[in-house]
Structures are given as C-alpha cells and as structure tokens.
Amino acid sequence: MQTIFDHGKYQDIIAVLQNKDERVAVQNQLLKCNPSMTVVAAKLNIPGPIKNNSEIESFFAAGLSKFEEILLETGFNFICKKEWLDKDTGPERFYLVQASAIEIKACTSRFEELKPSYRLFDLDVLTNNNGVIKVLSRSDADQPARKCLICGRPAKECGRSRRHSVEDLQRKVSILISTNLLQCEKEKMANWLTQLALQALLYEVSAWPKPGLVDPVEHGAHLDMDIFTFINSSVSLRNYLHQAALIGTMSRSDDLSLLFEELREYGKRAEKKMFSVTDNVNTHKGAIFSLGVIVTAVGYSLQHLQKFDPDNIQTIIKHMLVNLINDDLKHLEQKEYLTAGEKQYLKYGLSGIRGEAHAGYPTVFKYGLPTLLTSVGDWNSRILMTFLELALHIEDSTLIKRAGTLTIQQWKNKEIKECLSLGGIETEAGWKKLNEIEKKFSQQNLSLGGTADLLIVTIFLGLVKEGMPDGF
Amino acid sequence: MDVKKTALAGTLESSDIQITLSQGNNGISIDLDSSVEELYGDQIRKVITDTLTAYGIDNANVKAVDKGALDCVIKARTMAAAQRALDTADQPDWEVF
C-alpha cells in the first residue's frame with residue numbers, strides 16, 4: 001500500500017535529539033523575553049524515521065490555521081514568533097499567546113478534538129513562573145493521557161514497548177493525514193468557487209453598455225437601482241455562494257435532487273438578505289437561483305472528476321432539477337401570488353428560466369460559454385459578446401413581462417442581429433448600434449433581466465474553466 | 001572513574017529524558033522519575049547503568065526525569081551527560097553508542 005511516507009529524509013536519533021535541544025532553547029528564550037505571555041509550541045507526533053515531507057508540512061500548516069481560528073474566536077491575541085516548517089525533523093511553530101496556560105489548554109483540547117487527524121498534533125503550553133518554566137501537562141488540565149493510535153492503550157506504554165511496527169503506525173498516520181488533506185483540498189476548492197461566483201456577479205454588472213440592464217454608466221431601464229445597489233447585493237451573497245460551493249464540493253450523496261432542495265433553503269435566506277441590502281429591489285433573485293445551482297453543480301463535478309467537464313456539469317444540473325417543473329409549475333392555478341415566470345407559463349406556456357435550468361442550461365452551454373471562451377480582448381468586450389449571443393438565444397421572461405407581449409422577442413432579435421452583423425462590439429458601427437439599442441431599451445422601459453442571470457453563470461463557468469490548471 | 005563536575009543532558013520534552021550526573025561515592029545511584037516507572041523502571045535504570053559503565057564511571061549520582069524516552073534516547077542522553085561530566089569531548093563516543 002502506498003503511504004505518504006514513500007518520500008522524505010530519514011532522521012536518526014541524534015538529529016531528533018538535537019532538534020529537541022533547539023526547541024527547548026527557543027522556548028526558554030521566548031519565555032525569558034516575554035515572561036507575561038504563554039508559549040504554545042506546536043509540533044506533530046509522527047512515528048518512524050520520516051518526520052517531514054510535503055504532505056506532512058501541508059497538514060501541519062492547515063491544522064494550525066484552524067487552531068489560530070480558535071484563538072481568534074476566543075479573543076486570545078497571539079503572535080507567531082518562530083517556525084521551521086520544512087525542517088527534516090518535522091514542522092514546528094511557536095506562538096506567544098496573551099492568556100493563561102489553563103485557558104489556552106482549553107483551546108488546544110478543543111482543537112485536538114476537532115478532527116481525528118488532529119490528535120497527531122502536539123501543542124505544548126508553557127509559562128514562566130518567576131523564572132521557573134512550567135509545561136502544563138495533560139493531567140494538569142484534567143485531560144486523560146494520550147492513547148495509542150492503533151490499540152487505544154496509553155500511548156507511552158505502546159511507544160516504550162514498541163508494541164506496533166513502524167509500518168503499521170505509518171499506515172495509520174498516512175490515512176489520517178491523507179483524509180485531512182483531501183478535506184483541505186475540498187475546502188480550498190469551495191473557497192475558490194465562491195470567489196469566482198462573486199467575481200462573476202460583479203463582472204456582469206460592470207460591463208458596459210448592456211441594453212436593458214444596469215451598468216456603471218446608465219440604468220435607464222431600471223430606475224430603482226444602480227451599480228451600487230448591485231455591489232451591495234453581490235457582496236451580501238458571499239455566504240450563500242459559499243454554502244452552494246460547499247454543498248457541491250463536500251456532498252457524499254448521490255441524490256442530486258436532495259442537494260437542490262438543500263440549496264433552495266439557503267437560497268430563500270439569501271433572497272431575504274439581498275432584499276434587506278437593496279431596499280427591497282430585486283437585483284439578483286434569478287441569479288441566486290441559477291448561480292447557486294451552477295456553483296453547486298460545478299463543485300460536485302470537480303469533486304468527482306477533478307477536471308472541467310461541461311457535459312458532466314449539465315448532467316448534474318439536470319439531476320438536481322429533475323423535479324423542478326413538476327414541483328413548481330404544477331399547481332399554479334391555486335397559487336395566490338405568481339412570479340413573472342409562473343404567469344408566463346400559464347399565459348403562454350413558456351417554461352422560462354425553469355425550462356432552461358431543467359434542461360441543464362442549454363443556452364449557456366451551447367451559446368454563452370463557447371462565445372466567452374473563444375472571445376478575445378478585454379473582459380468588457382468578452383462579456384458583451386457573450387451577452388449578445390445569450391440575448392439572441394434566450395426567451396427572456398423579464399423582457400416579455402415588461403413588454404406584455406411575446407412579439408417583443410422578434411424585435412429584440414432583429415436589433416441584436418443587426419448589431420452583430422455590423423461586427424458586434426469589435427467595430428465602431430457595431431458599438432454605435434449597441435449604444436442605440438441600450439437607449440431604445442431605456443426609453444421603452446424594457447429589461448433583459450433573464451439574460452443577465454445567464455450571463456452571470458456563463459462568466460462564472462468561464463472563470464472556472466480558465467482558472468483550472470492546464471489540461472484540466 | 002568518578003565524575004568531575006555536574007552535567008546535564010536532555011530535555012523535559014515528550015519522548016525525551018533529562019539526565020543530570022553529579023559526584024557520588026556509593027556506586028551508581030539513580031533517582032528516577034518516570035510515568036512508566038512501574039513497567040519500565042528497571043529497564044531504564046539498566047540502560048543508564050550500562051552506558052555509564054561503558055564509560056568507566058563507577059560512582060555517580062544520577063537524576064533521571066523520563067518523559068517516555070526509548071532506550072536509544074536514554075542511551076544517547078546518558079552518553080552526552082557522561083562526556084560533559086568527564087570533561088571529555090563534546091561529541092558522543094560513537095563506539096559506546
């Protein structure tokens with residue numbers, strides 16, 4: 001069996017003992033210079049001759065950031081005073097903490113119990129009592145003695161008698177560390193997706209000129225909001241987007257419709273939050289739905305495939321939303337209050353964004369994303385080209401709602417095709433045409449709100465694709 | 001041989017042992033403090049005595065504070081203490097090790 005111990009430098013007893021001497025010298029020096037502070041000396045208990053390698057070092061650093069979070073949340077101020085992370089005898093870090101030893105011991109205990117792998121951490125708490133250096137032992141803090149990783153007997157007994165082979169111990173430690181590193185990778189992935197999703201929201205609103213939408217220059221079709229309303233709204237959704245990313249990257253379920261149900265509850269809370277920061281203006285209601293679904297789906301796909309695979313993402317979306325049409329559009333006659341999309345379903349039989357979503361966002365994957373990925377120039381140009389392509393192929397329920405007629409679609413398509421035939425935003429004539437279209441939309445109070453939602457998710461997908469390492 | 005001066009080696013870190021050697025005139029007398037004394041006290045004493053004997057030390061008071069050290073650690077720390085006490089080299093005598 002492969003373990004993380006297949007690489008790393010063998011350490012002999014002399015190196016390990018010399019390192020202990022150095023550690024004690026550092027600890028004593030820190031306590032001497034800072035007698036009112038408590039020292040936390042952090043290291044790992046790694047059995048066997050290999051004490052450090054890339055995996056061990058990552059595990060150590062990631063674990064300690066969790067420990068630091070505990071100190072931060074508890075309100076104990078600390079300074080990371082010295083560290084040697086890549087030393088062959090093992091990674092170590094020394095903190096000065098402004099709190100009593102017993103209070104800090106409570107933090108280290110909480111930390112050690114956080115995850116099974118954290119029992120590999122050894123956090124010594126030391127104080128200077130009028131020149132006498134004292135280590136707070138586990139028994140001082142009413143903690144039971146450490147137990148053996150393998151059999152649960154007191155660790156010191158098994159260690160002393162060498163009851164277990166180095167190979168067995170390494171295998172156990174390797175599993176603990178690998179499991180933890182996998183978890184860290186997923187957390188990193190979720191944070192990354194959250195950031196890209198937030199970027200996508202802000203990129204979309206920043207591109208100019210967008211007919212029928214809010215941009216930094218004009219918002220004639222939406223007089224009740226402006227770019228700042230959108231900034232407020234976008235930033236308020238960070239937590240929601242992170243939840244969506246976590247559902248995707250972490251989920252162990254293969255019932256994808258359950259993932260969607262879970263997401264939807266978070267989505268309802270996110271809507272409330274959005275309305276609270278926008279003076280009850282609907283900025284991102286559609287985006288909360290679509291971006292949430294896509295962030296979750298991308299997270300889930302990356303968790304399983306470790307590469308960007310549009311077909312797989314679409315399949316996941318379809319499975320997530322398998323009940324959407326039935327659940328949402330079935331009993332509309334009995335509903336008291338209907339959304340624009342629901343009304344149009346009853347009036348025109350258009351399934352709108354639900355239909356688009358339910359089918360796995362074909363407009364996004366067939367028209368939006370290929371356009372974005374092959375587009376050139378700055379982000380503003382790329383987003384506008386993508387916007388035109390999406391606007392041309394979408395049944396925009398917001399547009400139909402504002403116009404009150406389906407024929408508005410033909411007018412919209414004619415205008416956009418004209419702009420594209422002039423060369424789109426690449427040419428002066430196309431650019432001029434786009435500005436004209438924007439004016440017309442504003443004058444007639446027409447909106448392309450549905451297109452904006454698809455544009456946001458397309459930008460998100462483009463950012464993910466372009467942010468993946470080469471070959472993924 | 002007798003020890004010339006008091007010498008210390010090792011730390012109170014876990015898996016280590018701190019050995020303090022001082023002059024004595026009653027053979028090798030060991031004051032051991034260990035959490036595994038009941039199970040391994042005799043073994044720890046034997047490793048210390050054997051190591052000191054290999055250096056030719058017959059009389060010494062030994063204070064040993066054990067934090068779960070393995071035999072090889074006890075031996076290395078005792079060697080370091082012995083050499084400091086005998087005022088010989090600062091490096092371990094590899095043949096004894």
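This is a predicted model: local features need pLDDT of at least 70, side-chain atom pairs count only at pLDDT 80 or more; totals for chains, interfaces and linings use all residues.
**Notebook: strands, helices and the A–B contact**

I began with strand S1 (residues 38-44) of chain A, which is joined to strand S3 (residues 92-97) of chain A by five bridges, the two running antiparallel. My strands and helices are DSSP runs numbered from the N terminus (helices H or I, at least four residues; strands E, at least two), and two strands pair if DSSP finds at least two bridges between them. In this pair I found A:Val40 opposite A:Tyr95 in S3(A).

Residues are numbered from 1 along each chain as its sequence is written, and chains are lettered from A and ligands numbered from 1 in the order in which they are written.

**Chain A, the sheet**

I traced an open sheet of five strands, ordered S2-S3-S1-S4-S5 (chain A), with antiparallel pairing. Strand S2 (78-84) and strand S5 (132-136) of chain A are at the edges with a single partner strand each, so one side of each has no neighbour in the sheet. From one strand to the next the twist averages 25°; axes here are lines fitted to C-alpha atoms (for helices, over the stretch in contact), and angles between N-to-C directions run from 0 to 180 degrees. Helix H3 (residues 101-114) of chain A lies across S1, S3, strand S4 (121-129) and S5 of chain A, and runs at about 180° to S4(A).

**Chain A, a helix pair**

Next I looked at helix H7 (residues 238-250) and helix H8 (residues 256-277) of chain A, whose axes come within 10 Å and cross at roughly 175°. That makes H7(A) roughly antiparallel to H8(A) (under 35 degrees counts as roughly parallel, over 145 as roughly antiparallel, 65 to 115 as roughly perpendicular, the rest as oblique). From H7(A), A:Tyr240, A:Gln243, A:Ala244 and A:Ile247 meet residues of H8(A), including A:Leu259, A:Tyr266 and A:Ala270; contact means C-beta atoms, placed from the backbone, within 7 Å. By class I get seven nonpolar, two polar and one charged residues in the contact of H7(A) with H8(A). For these classes, Ala, Val, Leu, Ile, Met, Phe, Trp, Tyr, Cys and Pro are nonpolar, Asp, Glu, Lys and Arg are charged, and the others, Gly among them, are polar.

**Chain B**

Chain B has an open sheet of four strands in the order S1-S2-S4-S3, with mixed pairing. At its edges stand S1 and strand S3 (28-34) of chain B, each with a single partner strand, so one side of each lacks a neighbour in the sheet. Its twist averages 15° from one strand to the next. I checked two pairs of strands. Strand S1 (residues 7-9) and strand S2 (residues 17-22) of chain B run antiparallel and are joined by three bridges, with B:Ala9 opposite B:Ile19. S2(B) also pairs with strand S4 (residues 60-66) of chain B, in the antiparallel sense over six bridges, and there B:Leu21 faces B:Val62. H2(B) lies across S1 and S2 of chain B, at about 30° to S2(B).

**Where the chains touch**

How many residues does each chain give to the contact? I read 14 residues from chain B and 13 residues from chain A. On the chain B side, helix H1 (37-54) and helix H2 (71-85) each supply at least two residues, and H2(B) gives the most, with three residues.

Conventions:
Two residues are in contact if their C-beta atoms, placed from the backbone, lie within 7 Å.
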